[in-house]
Every structure is written in C-alpha cells, then in structure tokens.
Amino acid sequence: MQFKMVHTEIHVLDLKKSLAFYKQAFGLEQVREKGPEDGSWKIVFLANDSTDYQLELTWNDGRTEPYDNGGGDIHLAFRVDDIEAAHALHQEMGCICYENEGMGVYFVEDPDGFWIEVIPAR
C-alpha cells in the first residue's frame, strides 16, 4: 500500500482576496473549483508547476467570523530557490509576520491569519 499527500485545506473569509494573495506571494493558480449551484460554498484548488501538491481553499457564503485554521500551530511551507528575492516580494506585500534569522527562514501571514513558512533551497 502506498500513500501520496495531495493537498492541504484551509478556510478563507474572502476568496478573491485569498486567490490574489496566493498568486502574488507564491505563484499559485486556480486549477479547479467545485460547489453547489446556489453558491453557498466553494472549494478552489491552487497549484503551480513546481509540484503536483495542491492548496485547497474553502469558502462559505455569509461567514463573517474568522476561522481557526489550526490555531497557529499548523502551517504550510514553501521552499524557494532565491530567498532574498522572495523576502523582498513578501516585505513589499507587507505580509512577513515572523523571521528566524538563525535558521534562515521566515513566515508570512495570509489574509486569514494563516502562517506560511518560507525556506531557502539548501
């Protein structure tokens, strides 16, 4: 038996804002979408050419209270080949929320407060 990790799901309050954030910050594009005809919820899968692993964004119409996407204990991580350029982009976006210079990594925060770790290629 063989298992392959395929996606991680997070809930978002403002789907358009989240789609724009993940495209600008990490180059993720929408690859598929599903939901009912009444538009009461939507699931959007994002990916890029670097991996077949996907990020699933779940949006529910009418939700106004922030989600607790892991309570700050769970995060995504992206490895990047040019950490300086990535840091400059994220600094310009104003989304860097924590830096660990000793480890050479930093975290950005998405529009819903979900943390994403950025790791240099080693």
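This is a short talk about helix α2 and the largest pocket.

Okay, before we start: this is a predicted model, where local features need pLDDT of at least 70, side-chain atom pairs count only at pLDDT 80 or more, and totals for chains, interfaces and linings use all residues. Residues are numbered from 1 along each chain as its sequence is written, and side-chain values use heavy atoms, with hydrogens and water left out.

So, helix α2. Helices here are DSSP runs of H or I with at least four residues, strands are E runs of at least two, and both are numbered from the N terminus.

What do the buried residues of α2 pack against? That would be α1, β5, β6, β7 and β8, with contact meaning heavy atoms within 4.5 Å. After the helix comes glycine 94, with a positive phi near 75°.

On to the lining of the largest pocket. By class, this lining has 16 nonpolar, 5 polar and 1 charged residues; Ala, Val, Leu, Ile, Met, Phe, Trp, Tyr, Cys and Pro count as nonpolar, Asp, Glu, Lys and Arg as charged, and the others, Gly among them, as polar. Which element gives the most to the lining? It's β5, with 5 residues.

Definitions and conventions. Buried means under 20% relative accessible area, exposed over 50%, partly exposed in between (1.4 Å probe, protein chains only). On a 1 Å grid over the protein atoms alone, a cavity is a set of points where a 1.4 Å probe fits but cannot get out, and a pocket is an open set with protein on both sides within 12 Å along at least five of seven lines; lining residues have an atom within 4 Å of a point. Grid points are joined across faces, edges and corners, and a volume is the space filled by probe spheres set on the points.
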